[in-house]
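Q: Please take a close look at one helix of this chain. I want its setting, its packing and its surface.

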Amino acid sequence: MSQYDEGHTIAGWTGCAVATVGCVVLGLGVVMVSVPVLVGGGALVVLGLLVTWALHLAGWGKPPGRRPREEWGMRTRDLSARDGHPGCVGCRLAGRGRRAAVPVVVGAEPEVVTADAGG
C-alpha cells in the first residue's frame with residue numbers, strides 16, 4: 001500500500017461524486033445535442049471542484065505527502081488546515097500557508113562604496 005494515501009478523504013470522495021454526476025450530464029448533453037444540458041453538466045463539474053476545495057479548507061481533506069497510518073482514516077479530520085498546508089495549491093489559493101516576509105531594517109545606514117582615483 002502507498003505511503004501517501006492521497007484522496008481518501010471526505011473532500012475527495014464528495015468532489016469526485018459531484019464531478020462524476022456532472023460528467024454524466026455532460027455526456028447526456030452531447031447525446032441530446034442540448035446546450036442547456038451541456039452548460040448544466042459543466043456547472044456541476046465546476047461545483048465538484050469548489051465543493052472539494054471548501055471541504056479541504058474546512059479540514060476534511062488531507063495535506064499532500066506522507067502521514068502516519070493513524071491519520072489514514074477517511075473520517076480523520078485534519079486540524080492543521082487552518083494554517084494551510086505547505087506545498088498545497090488549494091491552501092495557497094485561499095491565502096493560507098504563506099511564508100512570512102523577510103523583515104526590512106528601517107533607518108540603517110547604507111554602505112557607501114567610493115572609487116579609488118589614484119589607480
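Which pattern does the chain follow, read along the sequence? And what does α2 do within it, inside and out?

A: Start with the ground rules. This is a predicted model, in which local features need pLDDT of at least 70 and side-chain atom pairs count only at pLDDT 80 or more, while totals for chains, interfaces and linings use all residues. Residues are numbered from 1 along each chain as its sequence is written, and side-chain values use heavy atoms, with hydrogens and water left out.

The chain reads α-α-α along the sequence. It has three helices and zero strands. Here helices (H or I, at least four residues) and strands (E, at least two) are DSSP runs, numbered from the N terminus. The helix in question, α2, spans 35-60.

Confidence comes next. pLDDT is the predictor's confidence in each residue, from 0 to 100. The chain has a mean of 81, and 75% of its residues reach 70 or more. Among the elements, α1 has the highest mean pLDDT (95) and α3 the lowest (83).

Buried means under 20% relative accessible area, exposed over 50%, and partly exposed in between (1.4 Å probe, protein chains only). In α2, the buried residues are Gly41, Gly48, His56, Leu57 and Gly59. They pack against α1 (10-32) and α3. Across the chain, buried residues make up 19% of the 119 residues.

Contact means heavy atoms within 4.5 Å. Leaving out residues up to four places away in sequence, His56 touches Ala11, Gly61, Lys62, Ala81, His85, Cys88 and Cys91. In the chain as a whole, 53% of the contacts between residues at least 6 apart in sequence join residues at least 24 apart.

A disulfide is a pair of cysteine sulfur atoms within 2.5 Å. The whole structure has zero disulfides. Cys23 makes none either, because its sulfur is 9.0 Å from the closest cysteine sulfur, in Cys16. Cys23 counts as partly exposed, at 48% relative accessibility.

Val46, Leu50, Trp53, Val89 and Leu93 make a nonpolar surface patch of about 490 Å². Patches are made of residues with over 30% relative accessible area and no salt bridge: like charges are joined within 9 Å, nonpolar side chains (Val, Leu, Ile, Met, Phe, Trp, Tyr) within 5 Å. A salt bridge is a side-chain nitrogen of Lys or Arg within 4 Å of a carboxyl oxygen of Asp or Glu. Areas come from the Shrake-Rupley method with a 1.4 Å probe; for residues, only the protein chains shown count as cover.

α2 gives the most to this patch, with three residues. Both α2 and α3 (89-93) supply at least two. Val89, in α3, counts as exposed because its relative accessibility is 60%. The chain exposes about 8800 Å² in total, and carbon and sulfur atoms supply 66% of it.

Last, the loop between α2 and α3. Ser80 sits there. It counts as partly exposed, at 34% relative accessibility. Ser80 and Ala58 are 22 residues apart in sequence and 9.9 Å apart in space, C-alpha to C-alpha.
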